[in-house]
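Please prepare a briefing on the local features of the structure shown below, grouped by topic and with the cut-offs behind each term.

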Amino acid sequence: MSDAFDLVIIGSGPGGYRAAARAAQLGMRVACVDKNELGGTCLNVGCIPSKALLESSELYHRTSAGLEKHGIQVGAVGFDLSAMMGRKDKIVDTMVKGIGSLFRQHEVEYVGGSARISAPGSVEVRGAAGARSLRAARILLATGSAPVELESLPFDGRYILSSTDALSLSTVPERMVVIGAGAIGLEMGSVWSRLGADVLVVEYMDHILPGMDQEMSTQLQRLLKRQGLGFELGASARSAEIENDRVQLKIAVGEDERVEVCDCVLVAVGRRPYVEGLGGEELGLELDDRGRVQVDGDFQTSVKGIYAIGDVIPGPMLAHKAEEEGVAAVERMAGVAGHVNYDAIPNVVYTHPELAAVGLSEE
């Protein structure tokens with residue numbers, strides 16, 4: 001096939017694959033490049049697998065501890081963690097195949113490999129099939145984000161976990177400390193707490209879910225405490241040492257320091273835009289002080305012909321926000337009046353009960 005396209009999209013997550021399908025509908029010849037799995041972080045190691053585990057763990061929790069008050073009696077209840085993980089993986093696999101089918105339906109060419117923009121209009125891809133040079137009138141960055149790693153707590157996949165690691169534990173930890181009381185920390189903390197782990201959530205702010213309505217987040221914290229989660233607010237993690245196969249985590253609360261002993265630490269303090277290795281610095285791509293790509297009202301960057309959407313640009317790092325931006329960006333490229341209403345982006349924390357918000361908070 002020809003290596004000339006109307007649009008090359010780097011990243012096949014929600015923003016990228018939605019943009020690719022819409023661009024194809026608008027008559028563009030589209031290629032979508034990704035060095036990891038089709039579907040990006042959200043589908044493979046984010047939104048979808050976490051929701052699958054949340055559903056399975058909630059069903060187990062309610063069956064084992066919440067049915068008697070309804071007059072429903074059951075015998076001893078157990079769970080098979082490997083079967084839970086298998087169900088999660090099957091859901092992900094099915095959805096990945098669905099995106100592949102979407103691409104075939106719209107004749108979007110998927111190119112596996114690492115992409116680098118060598119010049120405006122030129123993308124070099126290196127993958128298992130070798131090197132390939134793609135030419136395009138427009139390039140769209142939809143590369144998403146990666147977990148923030150604390151300098152004092154580097155990820156090792158066993159004792160110090162990222163959100164990705166926490167989705168595939170082979171056993172339930174006896175005790176887990178979660179650093180960060182945002183949506184990811186509370187959701188993954190809930191999963192492992194329901195399955196039997198003693199979970200402590202450590203948050204630097206004086207309330208959970210910074211950015212959400214404080215009255216509602218306080219109510220949610222009370223309910224989560226009743227479910228067994230512990231909270232240490234106004235606290236920070238300083239360092240960790242491994243002794244006798246256990247983590248000795250030093251945390252500071254005000255002027256006081258203490259050591260929490262646990263099996264693992266989940267670091268969930270946020271995500272950062274993923275722009276490494278794309279060649280943007282050499283091209284003069286303008287970033288802000290948080291490493292986010294700066295764009296104008298048409299989602300075009302400081303380099304003519306290069307656009308960006310989703311987690312790599314300012315705004316909430318949410319899959320549906322990226323999807324809307326992807327559609328709007330390619331519609332504007334085609335002369336259609338694409339639009340994103342940033343005042344009406346839903347935000348949901350998938351605990352039990354869920355906490356949802358849209359628009360301005362009271363604060």
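Arginine 29 and glutamate 109 are joined through their side chains by a salt bridge of 3.7 Å, N to O, where a salt bridge is a side-chain nitrogen of Lys or Arg within 4 Å of a carboxyl oxygen of Asp or Glu. Because arginine 29 sits in the loop between α1 and β2 while glutamate 109 belongs to strand β3 (residues 109-112), the pair ties together parts that are 80 residues apart in sequence; helices (H or I, at least four residues) and strands (E, at least two) are DSSP runs, numbered from the N terminus. This is a predicted model, in which local features need pLDDT of at least 70 and side-chain atom pairs count only at pLDDT 80 or more, while totals for chains, interfaces and linings use all residues. Residues are numbered from 1 along each chain as its sequence is written, and side-chain values use heavy atoms, with hydrogens and water left out.

**Salt bridges**

- Arginine 29 is partly exposed at a relative accessible area of 25%, whereas glutamate 109 is buried at 14%; buried means under 20% relative accessible area, exposed over 50%, and partly exposed in between (1.4 Å probe, protein chains only).
- Arginine 238 forms a salt bridge with glutamate 257, with 3.0 Å between the closest N and O atoms, and this pair links distant parts of the chain, 19 residues apart, from strand β12 to strand β14 (residues 256-262).
- Both partners count as partly exposed, arginine 238 with a relative accessible area of 42% and glutamate 257 with 46%.
- In the salt bridge of arginine 272 with glutamate 276, the closest N and O atoms are 2.7 Å apart.
- The structure holds 22 salt bridges, and a network of them links Arg175, Asp198, Glu232, Arg258 and Glu260.

**Cysteines**

- A search of the whole structure finds 0 disulfides, a disulfide being a pair of cysteine sulfur atoms within 2.5 Å.
- The sulfur of cysteine 262 has its closest cysteine sulfur in cysteine 264, 6.5 Å away, which is too far for a bond.
- Cysteine 262 is buried at 0% relative accessibility, and cysteine 264 is buried at 4%.

**Helix α1**

- Helix α1 (residues 14-25) has 12 residues and reaches 17 Å from its first C-alpha to its last, close to the expected 16 Å, a span taken as 1.5 Å times one less than the number of residues.
- Of the 12 residues in α1, 9 are buried, among them Pro14, Tyr17 and Ala24.
- The cover over these buried residues includes β1 (4-10), β2 (30-34), α2 (40-45), α4 (81-106), β6 (130-141) and α8 (319-333), with contact meaning heavy atoms within 4.5 Å.
- Glycine 27, which follows α1, has a positive phi near 95°.

**Backbone geometry in loops**

- Most residues other than glycine have a negative phi, and most peptide bonds are trans.
- Leucine 209 has a positive phi near 50°, lies in the loop between β10 (198-203) and α6 (214-226), and is buried, with a relative accessible area of 3%.
- Asparagine 244 also has a positive phi, about 55°, but this residue, in the loop between β12 (235-243) and β13 (246-253), is exposed at 76% relative accessibility.
- Histidine 352 and proline 353 are joined by a cis peptide bond with omega about 0°, and proline 353 is in the loop between β18 (347-349) and β19 (355-357).
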